[in-house]
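Welcome, and thanks for taking a look at this one with me.

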Amino acid sequence: MPGPGNVGERVRNLRLTRRLSQAQLAGHDLSDSYISLIESGKRTPTPTVLRMLAERLGCTPEYLAEGVEPEQRAHLEVRERHAQLALLAGDAGTAAAGFDDVIARSDDPELTARARWGRARALEELGRTEEAIALFEELREQAERDPGRTSWLPPVIALARCYHTVGDLGQAIALGERTLARLRLLGLTVGEEHTEIGRILLLAYVDRSDPDRAHALGRALVGGRLGDAAAGDDDHPSAHYQRASSRALEEGAVGDALYLADQALASRAGRTSLLARSRLNLAAAKALLRGVMPFSTPAAAAEPQSATPGQITTPGRGLVGAVGVSAEVSGQAAEEALELLGDTGRLPSAEASESTIERARALVALGRPDEAITDLEEFLDTGMALSAPPTSADLPLTPRPGPDAVRRVRKTTQARLVLARARIAQQDRTAALVVLRAAASQLEGLPAGRPTAHLYRELGELFETLGEGESAAAAYRQALEAAGLRRSRPQTADCDLRKV
């Protein structure tokens, strides 16, 4: 533990422990009145005086100055690095405990700041997003107060991601656009920061039903890498980081300059991961499969899209795209989505499952439901979704507590919904209904929130497509409730609850 209080209190406590008077501690070099001023906090000893006092009190100058012995600090440094390794390995619980320990015991501002950042990331991974937001907000405020020491970019990017997760699209978009503008001002249009904030902003635009902005952003982020288009400049990312660091330094943002210089060194050493690019590709594919026009197409060239063989039509409503939520998906958009998903092999298992599901959506949109079913049945483990919905006595569908269990159930539910679409495309109504009922049973165990509301919404759309009006109305009603809305009077199947 750090020594109690400030320098003066530590000097006084050790002096009393050693049974020394102020005059004895002062010796021939100092005066007892000077010792009294130090102990009362009215004087701060110089490094030379600290060394003299430490020698007479039998401790180290570091302990008097900061309350932590060098060996203890080294142990805390190792503890913080082990917590970072646990976080990278996916063990967020162990990481959070390690960071908490460092924060409680450290008296080093830089080490404490790193541990607080790590703790916020661990909380985010654990699904404790509101707690993570509170900590990231503190880190952002600190960076804004002291731009000469701390970069504003990492906490703001993390906040945009967290606000998107909890469904605060206004905050996510405001922070995302502000960060993107900052990066462009610095001339940084490559790298993990630009890629990650672009990914978050693209998904937020799609969730806010803003396809025009989603198309413009997606075209800027990935359009040049589709088909035979030029892939952009050949500069190494480290050169971009270095130029951005120089610009930040010129404007006096030393914290940003240091951060970007570190990123340039990491990139030059080959430590920059391509994971961010794979995540962006997945986000771009999701946008295309939710009705955003192909990114290879300029906005001015957009034309009304026509149905492809894999799309589903609903009487009186026109096209329903391959991912639900009344999206229209052209064959070109689905082809681009497949191309982007082909470059997502670096994703970890949780996100790789999303890539599998989105690939199946694209295949359905392209009129290739057999391939989609093959992929999904393998994903769902020997096609268990085609069996009769298990009862609670056979196989409880309520997930165990914890974010990992909830995420797994959401993924399998998403897979079942796409599988139902594929069965509808095959005109196999019976199989589609079996899959949808299994998905409906599984949804009952999920907590409320935007992700659950989206799943209920798609479930309602599919029931409606199959003419199951009562089931569709129930699913739409549950979508409203999961989103935090309540209806004061009963709704009929004819009400278009998807627009609420």
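**Notes for a first look**

1. Helices here are DSSP runs of H or I with at least four residues, strands are runs of E with at least two, and both are numbered from the N terminus. The phi angle of S209 is near 60°, which is positive although the residue is not glycine. S209 counts as exposed because its relative accessibility is 61%; exposed means over 50% relative accessible area, buried under 20%, and partly exposed in between, using a 1.4 Å probe and protein chains only.

2. Before going further, please keep in mind that this is a predicted model, in which local features need pLDDT of at least 70 and side-chain atom pairs count only at pLDDT 80 or more, while totals for chains, interfaces and linings use all residues. Residues are numbered from 1 along each chain as its sequence is written, and side-chain values use heavy atoms, with hydrogens and water left out.

3. Now for the whole chain. Its secondary structure comes to 23 helices and two strands. Of the 500 residues in the chain, 47% are buried. If you take contacts (heavy atoms within 4.5 Å) between residues at least 6 apart in sequence, 64% join residues at least 24 apart. The chain exposes about 24,000 Å², and carbon and sulfur atoms supply 50% of that area; the areas come from the Shrake-Rupley method with a 1.4 Å probe, and for residues only the protein chains shown count as cover.

4. For α12 (residues 191-207) and α13, the angle is about 155° and the axes are 9 Å apart. The two helices are therefore roughly antiparallel, a label for angles over 145 degrees. Axes are lines fitted to C-alpha atoms, for helices over the stretch in contact, and angles run from 0 to 180 degrees between N-to-C directions. On the α12 side, the contact is made by H194, G198, L201, L202, Y205 and V206. Their partners on α13 are R213, A214, L217, G218 and L221.

5. R19 is another residue other than glycine with a positive phi, near 55°. You will find R19 in the loop between α1 (7-17) and α2 (22-26). With a relative accessible area of 75%, R19 is exposed.

6. Is S151 buried or exposed? S151 is buried, since its relative accessible area is 8%. This serine belongs to the loop between α9 (129-145) and α10 (153-165). A polar contact of 2.7 Å links its side chain to that of D256; such a contact is a pair of N or O atoms within 3.5 Å, where within protein one must be able to donate a hydrogen and the other to accept it, and residues adjacent in sequence count only if both atoms are side-chain atoms. The side chain of S151 also reaches the backbone nitrogen of L153 at 3.2 Å. Leaving out residues up to four places away in sequence, S151 touches A143, G255, D256 and Y259.

7. Finally, look at H236, in the loop between α13 (211-222) and α14 (237-250). H236 is partly exposed, at 34% relative accessibility. Its side chain makes a polar contact of 2.9 Å with the side chain of S238. Beyond neighbours within four places in sequence, H236 is in contact with S267 and R268. The C-alpha atoms of H236 and S267 are 8.3 Å apart, with 31 residues separating the two along the chain.

Notes
Angles under 35 degrees count as roughly parallel, over 145 as roughly antiparallel, 65 to 115 as roughly perpendicular and the rest as oblique.
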